[in-house]
Every structure is written in structure tokens, then in C-alpha cells.
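Please read the following briefing alongside the sequence and the coordinates.

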There are 2 protein chains.
Amino acid sequence: MSATIRDVAKFCGVSASTVSRVLNGYTDISEETAARVYAAIEKLDFVPNNTARMLSKKNTRLIGLTIPDIKDPFFSENAAGAEKLLQENGYQIFYGNMERSSEKLLSFLQQARQMRFDGLIITPDEWTEELLNTLQRIHIPVVALRRRPPQSSGVPFVDNDHYRGVMEMMTYLSDLGHTKIAHIVLPTGIGEIRREAYRDYCRIRGIEARDVKIDLPANKLDQARENGYRAMQRILADYPDTTAVFAATDQLAIGAMVYLREAGLSVPRDMSVAGANDMEYTSLPWFDLTTLSLNRAEMGRAAAQMLLDIIENRQTHPENLLLGTSIIVRGSTIKK
Amino acid sequence: MSATIRDVAKFCGVSASTVSRVLNGYTDISEETAARVYAAIEKLDFVPNNTARMLSKKNTRLIGLTIPDIKDPFFSENAAGAEKLLQENGYQIFYGNMERSSEKLLSFLQQARQMRFDGLIITPDEWTEELLNTLQRIHIPVVALRRRPPQSSGVPFVDNDHYRGVMEMMTYLSDLGHTKIAHIVLPTGIGEIRREAYRDYCRIRGIEARDVKIDLPANKLDQARENGYRAMQRILADYPDTTAVFAATDQLAIGAMVYLREAGLSVPRDMSVAGANDMEYTSLPWFDLTTLSLNRAEMGRAAAQMLLDIIENRQTHPENLLLGTSIIVRGSTIKK
DNA sequence: GAATTTACCGAAACCGGTTTAGTAAAGGAG
DNA sequence: CTCCTTTACTAAACCGGTTTCGGTAAATTC
């Protein structure tokens with residue numbers, strides 16, 4: 001079928017090991033032989049068989065990266081960040097689309113084991129006992145992204161510093177003069193962290209905490225908006241004097257804005273609205289949404305860097321990393 | 001390191017070939033031996049090394065799938081469609097993020113060759129001579145998605161029937177009573193097909209063709225919107241009596257709506273607007289955009305099916321496939 | 001009871017690379 | 001001239017599966 005390394009060797013009268021050495025850039029090869037080998041490679045259209053190489057070298061230079069939901073552009077951006085760094089280091093990313101299913105994740109890990117991936121970057125929706133066991137058993141370096149693993153698991157972790165980010169956003173809203181600030185809670189783990197920060201902030205500043213959580217499963221974009229919609233409804237019912245809303249994600253914020261629109265209220269005149277995660281389209285003039293930006297590409301890059309440090313033994317047990325966030329101020333929030 | 005098939009063999013006193021047969025479900029194995037082997041596998045935590053398997057079997061059951069731009073949710077949806085079908089058939093998808101770069105595509109193909117992928121589904125931004133040559137040389141079955149390859153290349157092709165889709169959309173707008181319908185052209189290959197359909201429709205119906213093409217490179221979402229914005233501006237300048245605009249993509253339509261908003265015109269009262277591709281967020285009440293829906297998952301599935309037919313020799317040279325589209329009627333278009 | 005079939009399993013080659021250990025020739029030092 | 005390095009290369013083992021070819025023993029056929 002395809003030419004092998006021995007074909008190349010025979011063609012230019014050297015041994016297979018010599019060809020291999022040429023390919024791998026060893027220096028104890030005369031220029032002349034190297035040139036002959038390259039010529040033969042060209043002539044025979046030889047392309048080394050990577051599966052064979054993976055087998056004999058004991059690594060694959062393959063990194064598995066799970067994407068919780070391929071339709072959510074959030075994840076694709078931090079994937080892109082990771083990919084860039086890994087490719088610079090000669091690794092290929094093998095993406096796994098989880099579709100929010102924990103069985104898919106487990107079977108991806110099984111795949112990873114069979115394929116002998118050199119490392120994994122995962123973003124599980126939840127950290128089950130079974131997941132932790134599987135991770136233990138497959139003996140592959142792993143870094144967790146955006147979903148904090150149990151402390152005891154020893155899995156290193158990269159995320160944004162949501163707690164601090166929320167504090168900053170609340171400070172920003174306070175500084176605008178708002179004192180009646182509601183919070184729309186995201187019903188996930190990250191959502192709880194943000195809610196906690198929100199409550200802490202309220203306590204410290206001595207203002208009333210008005211956090212509303214709608215518990216509908218929010219694993220689809222339109223459902224997330226639906227949650228924001230209902231939360232806004234409840235906020236207006238329970239706390240009618242609210243002047244600003246901080247939604248835990250942009251999707252929730254958009255949902256809230258849909259409700260405000262239906263209720264005949266104008267943003268930002270009647271209500272300031274802020275979100276988080278910086279979704280692409282929220283900069284459009286209809287929304288012009290102030291948001292907490294998470295710097296997604298940087299997160300992916302950081303996770304990849306951490307993983308490389310582990311794989312290449314520069315670091316056996318790295319510290320968790322919480323990246324800073326920044327507020328993108330737009331027109332949806334104004335002075336009280 | 002990890003247990004091998006020979007370890008398992010030794011452990012339960014059989015030969016490696018027997019273990020292999022058990023793993024591959026051969027029938028000429030006594031139940032008792034099979035049970036012993038399974039027990040040993042369990043005990044030793046043996047997981048077959050897929051790289052070795054790929055090498056000895058002559059296939060990898062890996063399919064390469066290129067994603068032109070990971071940030072664009074359009075592609076991820078047809079990737080998901082393809083993935084589903086392929087996984088059902090025991091194939092894994094290896095994604096390649098092209099970031100709209102033709103060099104990346106070429107290097108992905110090189111990767112594909114080295115890794116001995118069993119098949120490829122690609123969506124190149126353009127069909128260069130070099131690309132066609134490379135495809136020839138790597139000897140991997142390939143199906144093209146959404147970018148029509150040159151007829152002579154023999155590469156089979158799956159796409160929506162844009163021509164017919166545009167005809168249907170124009171018919172829909174006509175039936176609403178519009179006769180002064182402008183078209184915002186997408187500056188790509190697909191854009192040309194749509195423009196052609198638009199012009200043909202105008203000719204047949206005897207109405208004036210008002211297609212406007214802004215040539216700024218449109219490979220980012222915000223740039224696409226910028227193009228729509230400027231196109232709308234020109235439409236209003238050149239054809240002030242226009243009552244409906246059909247933009248070749250939703251992004252262009254949104255860009256147009258931004259301009260209309262700034263110009264103080266209301267959609268749909270002053271101008272009906274329609275788009276294409278059914279972007280997720282265009283259903284929001286601010287836009288409520290009528291759009292030509294492309295059924296993305298189905299496209300991916302169809303491409304995967306075609307590829308499998310080629311790989312498994314059911315079909316050596318399949319016909320190109322053009323899938324139907326449908327119009328999603330929303331509030332941005334009304335009767336004249 | 002001999003011949004043939006069938007069920008079950010093993011030895012060894014093979015896939016296509018890499019790597020180790022070692023060698024012949026050339027060059028340099030003493 | 002001998003000894004020691006260095007340079008440039010090779011033979012063969014190895015990675016961990018699969019596959020081919022066959023062999024033995026039991027079961028079946030005649």
C-alpha cells in the first residue's frame with residue numbers, strides 16, 4: 001500500500017534505523033546520506049505511519065479535551081485557547097463532545113485510555129464518585145476546567161475567579177448609586193459561587209440580598225433564557241423597587257430583558273441590567289449589555305500550560321489557578 | 001506499565017491469540033475459556049492499546065472533520081449530526097479547527113495522512129489547486145460539506161439546495177405583496193449561488209434586481225454584521241423605495257437591522273427583513289427574524305452517511321446531495 | 001474401527017515505526 | 001605504529017496488538 005520506512009531504506013541503500021534517525025533529526029548522520037534519504041522520501045511519497053510511531057514511542061502526543069456542549073460557543077473559545085498552546089508544543093487535541101451527558105464523559109475517558117492519550121482537560125457537569133474512580137484508573141494526567149473538582153481528588157483546576165468577579169461587578173453597580181440590586185442565580189455549581197459572593201457583598205455593604213433562583217434544568221440556551229425571564233418576573237413581583245439586576249450569565253440577562261420588554265420597562269432607564277460571560281451578540285445595540293468578561297481563551301491556554309507542566313514533569317502537583325476577570329461596561333447600566 | 005494482552009494470556013494460561021479472539025468476539029472459543037479471560041482482564045485492569053490495534057488492523061476507525069471556525073455555532077451543529085451517525089458505526093471523529101486558514105487545512109490533511117484516518121469530511125473555504133493535489137495524494141476517502149468542489153475533482157458533496165431555498169424565500173416575500181425586494185450578498189461561493197438564484201427570480205418575475213455586495217472580508221461574525229450594516233445603508237441610498245430585504249445570512253440581516261434602527265426605521269413596519277441560516281438568537285423578540293433554515297444536523301449526518309458508504313465500499317462514486325431547506329416565518333416580514 | 005469433520009487453541013509472523021547495542025572506518029594523540 | 005575517540009552507520013529487538021496457518025483431541029460419519 002503506502003511506502004514504509006524500509007522501502008525508503010532499501011531505495012537509497014541504507015538501513016531503516018538510519019531513515020528513522022533522519023526523520024527524527026539526529027545529528028550523527030552525514031549530510032550526504034540525509035539528502036539521499038530526503039530525496040527517497042520525496043520520490044516514494046513516504047509519510048510516516050503515526051500509529052506505528054505512537055506504539056513504539058510510548059506517547060501519542062494526543063490530548064483529550066471535553067466540550068460539554070458543542071453548540072455553546074463559550075466552550076469552543078476556551079478550546080481554541082488550549083489548542084493553540086498545545087499545538088505549539090507538538091500535541092494534537094482530540095475533542096470529545098459530551099452533550100451534557102455523564103455517560104458520554106465516562107466513555108470518552110475509556111477511549112482516552114485505549115488511545116493512550118498523554119493528557120486530558122475535562123469540564124464535567126458534575127463530579128461523581130464514578131468519574132473520580134475512572135480518572136484514578138486510567139492513569140492519565142488530567143486538568144479540570146471550569147468545574148471545581150473535590151479537594152481530595154487532587155485534580156488540578158483552572159477557572160476564573162468568579163467570587164472576586166462578582167464582587168467587582170457589585171462594587172461597580174454600587175458605585176453607580178444602586179442599593180436595591182437583585183441577582184438572578186444560575187442553577188449550577190458556578191452559580192452557587194456567584195450567589196455566595198453576591199450575598200457576602202450584600203452583607204458587607206448592609207444591603208438586602210435579593211437573589212432569585214429558578215430551578216428549571218438550564219442545559220440549553222433557550223431554557224437558560226426562559227429561566228432569566230421567569231426570574232425577572234419574580235423579582236418585579238417580590239421586590240418592585242429594584243433598580244438594578246445582576247444576572248449570573250448573559251443568557252439569563254437576555255431572558256430578563258425579554259421580560260422587562262414585555263412588561264413595558266426600558267433598559268437602562270427603568271432598570272439597569274448586567275450579565276456575565278460576554279456572549280458575542282450581547283454587544284448589539286438592542287442589548288448593549290454590561291457584562292463580566294471571563295477571558296475564555298486565556299483559561300484554555302492556562303489549563304493547557306498546566307497540563308504540559310504535569311506531562312513533562314516540570315510540576316507534579318500544581319496549584320489551582322483562578323484567573324482574573326474584567327467588567328465590560330456598556331449601556332445597559334446607568335447611574336441611579 | 002499497563003498490562004498487555006500477553007500478560008492476560010499468561011495470567012490465565014492461554015495464548016495471546018486466544019485473548020485477542022475473545023476480545024474480538026470470535027465464536028470458536030469455549031465459554032469457559034472466555035470467562036477465564038474476562039476475569040483476567042478485569043483482575044489485571046487490562047485495556048487494549050488502540051495504537052497497536054490500529055497498526056495491525058489496517059484501519060483506525062478515525063474520521064477527520066474540519067471545522068472552519070470553532071467560534072461559529074453553525075459548524076458545530078453539523079459536526080454534531082455527523083458525529084452521532086459515525087459513533088453509531090464505531091468511528092471516532094477527530095476534529096480539526098481551521099480558523100479560516102488554508103494552511104491549517106493542508107497541515108490537517110497531512111496529519112490525517114500520518115494518522116491514517118479512514119475518512120475525511122471537509123469544509124474548505126476555497127478549493128485551491130494545492131488542496132486538490134493534496135487530497136489526491138493522501139488516498140483517504142473524502143466528502144465535501146457546504147463548499148462545492150470543482151466538478152472535475154470527483155469529490156462528492158453535500159449541501160443545502162441554496163438555489164431552491166432562495167427561490168422559495170423570494171416567492172414567500174412576493175406572495176406577501178413585495179415587489180421591491182433588495183438582496184444583501186454574502187461575499188463567498190455560497191453567496192454567489194444565492195445571488196444567482198435571486199437574480200434569476202427577479203428576471204422570471206420581471207422585477208428589478210437590487211443586489212448589493214459589500215466586499216469587506218467577512219470571516220468574522222462582527223465583520224459580517226458590518227457588511228450587512230453598510231449594505232443596508234447603500235440599499236436605502238440607491239433604492240429608497242425598497243420594502244423588503246433578503247439578506248444572505250442572519251448575520252448580514254442583523255447588521256442591516258442595526259442600520260435600520262439607527263436610521264430610525266422600524267422592522268417590519270417600514271421594512272421587512274429576512275435572513276438565512278437560522279442563528280440561534282435571531283428568534284429573540286428584538287429581531288424575530290424570518291429566516292431560511294438549513295437543517296444543519298441533517299447535513300452532517302448525510303455527509304457522514306455518504307462517507308461511510310464509500311469507506312465500506314457500498315458506493316464508490318456517490319451522487320452529490322442537495323438537501324431541502326425550509327422557511328421559518330417570524331415577525332420581521334409582513335404584508336406590503 | 002477407520003476416516004473425516006469439528007471445536008478449540010497455540011506458535012509465529014506481521015503491522016511500521018523506534019531504540020539499543022554494537023561495529024567499521026577515519027582521525028587524532030602519544 | 002598503536003591506542004583511543006569520534007563519526008556514521010546497521011542488525012536486531014521491541015512496542016502490543018492481529019492474523020495466518022496449523023495442530024490436537026473429541027465428535028461424527030461411514
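DNA strand C is surrounded by 30 residues, where a residue is near a strand if one of its heavy atoms lies within 4 Å of it, and the closest of these residues are A:I5, A:R6, A:S20, B:T18 and B:T33. Of the atoms of DNA strand C that come within 4 Å of the protein, sugar and phosphate account for 54%. This is a predicted model, in which local features need pLDDT of at least 70 and side-chain atom pairs count only at pLDDT 80 or more, while totals for chains, interfaces and linings use all residues. Residues are numbered from 1 along each chain as its sequence is written, chains are lettered from A and ligands numbered from 1 in the order in which they are written, and side-chain values use heavy atoms, with hydrogens and water left out.

**DNA strand C**

- A base oxygen of DNA strand C is 2.7 Å from a polar side-chain atom of B:R21.
- At least two residues of the surface near DNA strand C come from each of α1 (5–11), α2 (16–23) and α4 (50–56) of chain A, and from each of α2 (16–23) and α4 (50–56) of chain B; helices (H or I, at least four residues) and strands (E, at least two) are DSSP runs, numbered from the N terminus.
- With four residues, α4(A) gives the most to the surface near DNA strand C.
- The surface near DNA strand C is made up of ten nonpolar, 13 polar and seven charged residues, where Ala, Val, Leu, Ile, Met, Phe, Trp, Tyr, Cys and Pro count as nonpolar, Asp, Glu, Lys and Arg as charged, and the others, Gly among them, as polar.

**DNA strand D**

- Around DNA strand D there are 30 residues, of which A:T18, A:S30, A:T33, B:I5 and B:S20 come nearest, and sugar and phosphate make up 58% of the atoms of DNA strand D that come within 4 Å of the protein.
- An N or O atom in the side chain of A:T33 is 2.5 Å from a phosphate oxygen of DNA strand D, whereas the side chain of B:R6 places an N or O atom 2.7 Å from a base nitrogen of DNA strand D.
- B:N49 takes part through its backbone, with an N or O atom 3.4 Å from a phosphate oxygen of DNA strand D.
- Two or more residues of the surface near DNA strand D are given by α2 and α4 of chain A, and by α1 (5–11), α2 and α4 of chain B, with α4(B) giving the most, four residues.

**Contact between chain A and chain B**

- Chain A and chain B each bring 48 residues to the contact, which is defined by heavy atoms within 4.5 Å.
- About 4800 Å² is buried between chain A and chain B, 60% of it on carbon and sulfur atoms; buried area is the accessible area (1.4 Å probe) that two parts lose on being put together, summed over both.
- Six salt bridges are found across the interface of chain A and chain B, a salt bridge being a side-chain nitrogen of Lys or Arg within 4 Å of a carboxyl oxygen of Asp or Glu.
- B:R113 forms a salt bridge with A:D45, and their closest N and O atoms are 3.9 Å apart.
- Between chain A and chain B, 14 residue pairs are in polar contact, both residues at pLDDT 80 or more.
- On the side of chain A that touches chain B, the elements that give two or more residues are α4, α5 (73–88), β2 (92–97), α6, α10 (221–238) and α11 of chain A, and α5(A) gives the most, with seven residues.

**Backbone geometry**

- Most residues other than glycine have a negative phi, and most peptide bonds are trans.
- The peptide bond from A:V267 to A:P268 is cis, with omega near 5°, and A:P268 is found in the loop between α11 (250–262) and β9 (272–276) of chain A.
- A:R116, although not a glycine, has a positive phi of about 55°; A:R116 counts as buried because its relative accessibility is 19%, buried meaning under 20% relative accessible area, exposed over 50%, and partly exposed in between (1.4 Å probe, protein chains only).

Technical notes: Polar contact = N/O pair within 3.5 Å; in protein donor to acceptor, adjacent residues only side chain to side chain.
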